[in-house]
Structure formats: C-alpha cells, structure tokens
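Colleague: Could you walk me through reading helix packing and sheets in a model? I would like the general idea each time, then the case at hand.

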Amino acid sequence: MYNNRLDGLTEYPFQRLAALLAGIEPAVPTVNMGIGEPQHEPPALLLAALSKSAGDWGKYPPTAGTPVYRAAVTAWCTRRYELPANFLDPEKHVLPMAGTREGLFMAAQLCVPPRKNGQQPAVLMPNPFYQVYFGAAVMADAVPIFVPATKNLGFQPDYGAVSESELARTAMIYICTPANPQGTVANLARLKDIVRLARKHDFVVVSDECYSEIYADAPPPGMLQACAELGEGLKNVLVFNSLSKRSSVPGLRAGFVAGDEDLIAKFSKLRAHAGAVQPLPVMAAATALWNDEAHVELNRTLYRAKFDDAAAIFGNTHGFYRPAGGFFLWLDVGDGEAAAKELWRSAGVRVLPGRYLARPQANAENPGAPYIRVALVHDQSTTKDALVRMKQILEGMTP
Ligand SMILES: Cc1ncc(COP(=O)(O)O)c(C=O)c1O
C-alpha cells in the first residue's frame with residue numbers, strides 16, 4: 001500500500017545523469033559541474049555565530065523561528081528591495097525555512113485545492129525548470145502545465161500567453177528569477193504582470209529567488225518589490241530565498257518564505273505538522289549572514305571572474321552568453337546527453353544534460369535537449385581548467 005501519485009514522479013536529474021554515465025571511466029581527474037552546489041569558502045562569521053550559540057542544540061526550535069531571525073530577514077528584504085518601512089511585518093509575513101527546496105514543495109500542499117472552478121487544478125511552471133516544482137504539483141494531485149521558456153522567448157515563460165481556460169484552473173504558478181538553468185532575470189514590469197494575472201485569476205505566485213544575489217551587473221528585482229509598487233500588499237504571493245547560493249552554505253539549510261499574510265498563517269499551521277525546522281544555532285548563524293553583505297560581494301566577485309574566463313574560452317561558440325544572474329552556463333551543444341557522456345569520458349567534466357531539466361512541449365520537442373548546464377561552483381583555477389578541456393572536446397564533436 002502506498003500513494004501511487006509517486007509513480008508520476010520522474011527520476012531526479014542527478015540519478016538520470018548517474019545512469020547515463022555509469023560504466024564510463026574518465027581518463028583524467030574529474031570535476032563535478034553537474035550540480036549547483038557552491039564550493040566557495042563559507043564566510044568566517046558563520047563558524048563564530050554557530051559556536052556562540054552551541055548551547056542551544058539541546059532545545060527544540062520554534063516552527064516560526066526566532067523573532068531575531070524573522071527581523072533580520074525582514075530588514076534584509078526591506079534594504080535589498082527598497083520596500084517601504086513596515087511593508088513587511090516579521091510577525092505576519094515571514095517564516096524561516098530549512099533551505100527553500102522543501103518549502104517550494106510544500107507550497108503546492110498549501111495552495112492547491114482539490115478542485116478549482118470545477119476542474120482538477122493546474123500548476124504552471126517554466127520549461128525548463130527546477131525539478132521540485134514538478135514533484136510538488138504531482139504530489140498535490142495537480143496537472144503540471146509546462147510553459148516554454150525557450151531562447152526565442154528570451155528564456156522566460158510567458159504566463160500572459162497561457163489560455164484563459166488553463167488560467168481558470170490554475171491554482172499556483174512557479175517563477176524562478178534569476179532562472180535555473182538559463183540565468184535570465186525577469187524585469188519589474190514582467191513581475192508585476194504576473195502578480196496582476198494571479199490576482200485576476202485567483203492563483204498563487206510562488207517566486208523562487210534563490211539566485212538573486214549572484215548577478216552580473218544590476219541586482220535583479222524581486223517579487224516583493226513588484227508587490228510594493230502595485231499596491232494590495234502581498235496578496236496571492238509567496239517569495240522564497242535562501243543562503244545556499246548567496247552565502248555559499250548549501251549545507252546550512254537556511255532560507256525563508258515571505259508573502260501573503262493569510263497564506264503565511266496557513267503555512268505556519270502546515271509546518272507545525274510537517275515542516276523541517278532550523279535548529280537554533282543554525283538560525284543564529286543564518287541571522288548573522290543575512291545581516292552581512294561583505295561576504296556576498298566577495299562571492300559575486302569570484303563568480304564574475306569565472307564568467308570572464310568562460311567568456312574568453314567560449315566566445316560566441318555553443319550559444320555562449322553571460323547570464324544576468326545565477327552561476328550556470330547554458331550551452332547549446334546540439335545533443336546534451338551525447339555531449340555529457342563525451343565530456344565525462346574525455347575531459348573528466350560532469351555536466352547535466354538540459355533534457356533532464358525540461359519536459360517535451362506539445363510539439364513533442366524537449367526544449368532542454370540541445371543544452372548542457374554547467375555549474376561554475378568550483379574555485380577559479382579548477383573551473384577555468386575544466387572549461388578549457390570542455391571547449392577542446394566540444395570542438396572535436398562539432399559536426
Ligand atoms: C532554482 C532553485 N530553487 C531552489 C533551490 C533549493 O535550494 P535550497 O534548498 O538550498 O535553498 C535550488 C537549489 O539548487 C534551485 O536551483
């Protein structure tokens with residue numbers, strides 16, 4: 001006996017990659033650029049804050065986190081998005097998350113009703129997309145609708161082009177800005193359009209902004225900012241962010257959700273039953289990190305140097321472009337799976353075929369199939385060395 005919705009889940013991309021590469025023995029030392037796991041040194045203030053609150057490991061943490069943590073998140077959002085004072089209330093609009101992954105998943109449990117306008121509800125997501133969105137929709141018994149975010153669309157989903165009948169059954173949409181995998185940033189006008197659409201059709205916008213602090217030039221706008229400019233508070237909106245990328249601490253499991261007061265209250269109720277709660281020392285360390293920008297600026301500098309190298313190595317080959325945000329290259333190599341195999345075999349570089357991050361559209365084409373995603377998460381010299389080897393191999397593969 002089990003919940004047979006599980007049968008609707010596809011293998012996670014990294015399992016598919018492991019299967020694809022099984023049995024291949026690289027001839028050279030290997031480097032894993034398949035997973036977006038930041039490898040920069042964690043900031044020194046992390047350890048100091050953790051050890052200072054070491055006496056708190058013996059306490060159960062409160063589901064809603066500490067007031068100090070919620071205040072630090074509120075202050076950070078207010079500074080970062082230039083929100084009006086008191087726009088965000090730490091008691092009403094903010095909850096801590098143990099990273100955002102679980103929260104992004106639980107959002108569907110929270111927002112998808114059994115029926116919407118007499119139909120099975122739909123959850124919209126960009127295509128390609130972070131795979132948790134799909135699993136969340138399937139396990140909430142919603143129909144996932146994949147909205148193309150292809151090159152001709154500037155790698156952004158056009159939710160305004162979704163049909164009225166599909167919008168009528170939509171309970172929730174995911175947006176990811178900067179986007180994983182393409183690094184595209186949605187501008188403020190687009191974000192506002194999405195919020196307007198959500199309020200018109202009464203669905204929830206889940207805005208995944210965990211790459212917001214890794215950017216090339218200008219800080220990407222966020223959904224909180226869009227809401228502040230639109231009026232009507234945070235109605236229909238939930239924003240997720242985390243320290244995993246911003247502060248290079250994916251193992252800390254520290255993030256937050258901020259948004260609609262009513263939804264946050266319901267989220268708190270759900271999390272009391274099923275939420276992974278951050279331990280108090282983790283929350284103390286995370287508070288220190290949200291309060292500090294110096295280490296984040298350094299982090300951005302390290303990524304920019306690696307994108308400089310990538311630009312010099314790839315030039316205008318393989319559709320190379322410098323993404324506005326995030327730390328991935330999204331390279332057009334013709335056949336992403338074939339390239340991933342060859343890059344592993346001959347260059348010892350593990351990359352993720354774009355196919356595993358997307359689903360076939362109505363025309364049966366998988367929009368990720370020609371691509372590979374390359375995570376620039378290692379130090380500069382490791383990354384540069386790997387990119388040079390990749391370029392050589394890819395050149396040899398070009399028909
Ligand atoms: C688009 C996107 N959203 C969310 C996450 C989850 O990150 P975390 O749970 O570490 O906050 C990731 C992690 O790779 C991601 O790429």
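**Helices and strands**

Modeller: Let's start with a pair: helices H7 and H8 are roughly perpendicular to each other, a label for angles of 65 to 115 degrees. This is a predicted model, where local features need pLDDT of at least 70 and side-chain atom pairs count only at pLDDT 80 or more, while totals for chains, interfaces and linings use all residues. Residues are numbered from 1 along each chain as its sequence is written.

Colleague: How are two packed helices described?

Modeller: By the angle between their axes and the distance between the axes. Here H7 (residues 188-201) and H8 (residues 223-230) pack at about 70 degrees, with axes 9 Å apart. Axes are lines fitted to C-alpha atoms, for helices over the stretch in contact, and angles run from 0 to 180 degrees between N-to-C directions. Helices (H or I, at least four residues) and strands (E, at least two) are DSSP runs, numbered from the N terminus.

Colleague: And how do strands of a sheet pair?

Modeller: Through backbone hydrogen bonds, either parallel or antiparallel. This open sheet has seven strands in the order S2-S8-S7-S6-S5-S3-S4, with mixed pairing; two strands pair if DSSP finds at least two bridges between them.

Colleague: Which strands stand at the edges?

Modeller: S2 (94-97) and S4 (143-148), each with a single partner strand, so one side of each has no neighbour in the sheet. On average, neighbouring strands are turned by 20 degrees against each other, direction ignored. S4 pairs with S3 (residues 122-127) in the parallel sense over six bridges, and proline 126 stands opposite valine 147 in S4.

Notes: Parallel < 35°, antiparallel > 145°, perpendicular 65-115°, else oblique.
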